[in-house]
Amino acid sequence: NYRPTHPEIGNGHYLLGAVLYEMMDYPAALEHFLACHTIWEQEFNRSPRYKKYLYEAIGDMYWELDNRPKALEFYNRASAGDRPPSRDSSELMTARAASLLAIGKYPGALQFYQQALAYRKKNFGPSHRQTAVCQNFVARAHVAAGDPGQALQAFEQTIAMLAVPQGPVAHLPDLLEALAGKGELLLREAVKSGDIALLKVAADQLANAINHLEQLQQSPLSEAAKTYWN
């Protein structure tokens with residue numbers, strides 16, 4: 001009843017893509033989203049709001065299919081012209097860093113994470129939870145880049161920020177991540193070097209992480225959060 005590039009055909013492709021996405025048929029969903037994209041770009045000037053939804057959907061499909069460069073391309077198109085949702089510009093920095101980290105661009109990811117960390121230290125303070133969260137981001141980026149020394153320092157800085165007696169329950173997950181991350185790094189180095197003393201330090205560190213996990217189990221966090229950390 002309509003020509004192949006009619007706006008209603010584009011809308012139909014979008015809706016089919018959305019349903020196939022929920023069914024986890026990502027290749028088929030991507031095919032329909034791309035067909036919609038062709039129509040909306042060439043034949044029908046949809047509003048930026050709807051194009052943003054479509055770009056995000058295409059990015060999600062490429063992400064699910066492990067095509068990180070194409071996912072980043074469409075996420076960037078979706079966010080073009082966006083203003084940060086708050087005055088905290090570090091959120092945008094960490095989002096870009098995460099995208100770069102996912103495609104193996106470690107120097108760029110570290111640069112954005114370090115910028116976000118500097119912003120949070122300045123605006124939130126050196127001991128604020130959000131600053132510590134960002135410090136863990138930096139540590140994970142160093143781990144991914146194969147720099148255990150820098151990663152260890154970053155985890156230790158997070159621990160120093162959060163490991164205070166009777167600290168808030170909300171800090172426990174981030175502290176647990178830093179303790180476990182440090183323990184895993186020490187374990188790798190001990191296995192590599194055959195250093196029994198270092199192996200004992202790694203064991204003590206991981207035991208400390210387990211103690212914090214047990215505190216989490218008794219905390220008022222949601223069941224979903226407890227399941228995730230378990």
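What percentage of the 230 residues of the chain count as buried? The share is 37%. The structure is a predicted model.

**Chain as a whole**

- Read from the N terminus, the elements run α-α-α-α-α-α-α-α-α-α-α.
- The accessible surface of the chain comes to about 13200 Å², and carbon and sulfur atoms account for 56% of that surface.
- Taking contacts in the chain between residues at least 6 apart in sequence, 50% join residues at least 24 apart.

**Helices α2 and α3**

- Helix α2 covers residues 26-42 and helix α3 covers residues 48-64; their axes come within 9 Å and cross at roughly 150°.
- Angles over 145 degrees count as roughly antiparallel, so α2 is roughly antiparallel to α3.
- The crossing of α2 and α3 is left-handed.
- On the α2 side, the contact is made by Tyr26, Ala29, Leu30, Phe33, Leu34, Cys36, His37, Trp40 and Glu41.
- On the α3 side, the contact is made by Tyr50, Lys51, Leu54, Tyr55, Ala57, Ile58, Met61, Tyr62 and Glu64.
- By class, the residues of the contact of α2 with α3 comprise 14 nonpolar, 1 polar and 3 charged.

**Helices α8 and α9**

- Helix α8 (residues 148-162) packs with α9 at an angle of about 145°, and the two axes are 9 Å apart.
- α8 and α9 cross in a left-handed sense.
- From α8, the contact draws on Pro148, Ala151, Leu152, Phe155, Glu156, Thr158, Ile159 and Leu162.
- From α9, the contact draws on Asp174, Leu175, Glu177, Ala178, Leu179, Gly181, Lys182, Leu185, Leu186 and Glu189.
- The contact of α8 with α9 holds 11 nonpolar, 2 polar and 5 charged residues.

**Helices α9 and α10**

- The axes of α9 and helix α10 (residues 196-217) come within 8 Å, with a crossing angle of roughly 160°.
- That angle makes α9 roughly antiparallel to α10.
- The crossing of α9 with α10 is left-handed.
- The residues in the contact of α9 with α10 divide into 17 nonpolar, 6 polar and 3 charged.

**Lysine 182**

- Lysine 182 is placed in helix α9, which covers residues 172-193.
- Lysine 182 counts as buried because its relative accessibility is 16%, and the cut-off for buried is under 20%.
- Apart from neighbours within four places in sequence, lysine 182 is in contact with Leu152, Phe155, Glu156, Ile159 and Gln205.

**Phenylalanine 112**

- Phenylalanine 112 is in helix α6, which covers residues 106-123.
- Its relative accessibility is 24%, so phenylalanine 112 counts as partly exposed; that class lies between the cut-offs of 20% and 50%.
- With neighbours within four places in sequence set aside, phenylalanine 112 is in contact with Met93, Arg96, Ala97 and Leu100.
- The C-alpha atoms of phenylalanine 112 and alanine 95 are separated by 8.8 Å, and the two residues are 17 apart along the chain.

Definitions and conventions. Residues numbered from 1 in each chain as written. Predicted model: local features only at pLDDT ≥ 70, side-chain atom pairs only at ≥ 80, totals over all residues. Heavy atoms only, no water. Helix = DSSP H or I, 4+ residues; strand = E, 2+ residues; numbered from the N terminus. Buried < 20%, exposed > 50% of the residue type's maximum accessible area, 1.4 Å probe, protein only. Contact = heavy atoms within 4.5 Å. Axes fitted to C-alpha atoms, helices over the stretch in contact; angles between N-to-C directions. Parallel < 35°, antiparallel > 145°, perpendicular 65-115°, else oblique. Left-handed = near helix turned anticlockwise from the far one by under 90°. Nonpolar A, V, L, I, M, F, W, Y, C, P; charged D, E, K, R; others polar. Areas by Shrake-Rupley, 256 points an atom, 1.4 Å probe, with all protein chains shown as cover.
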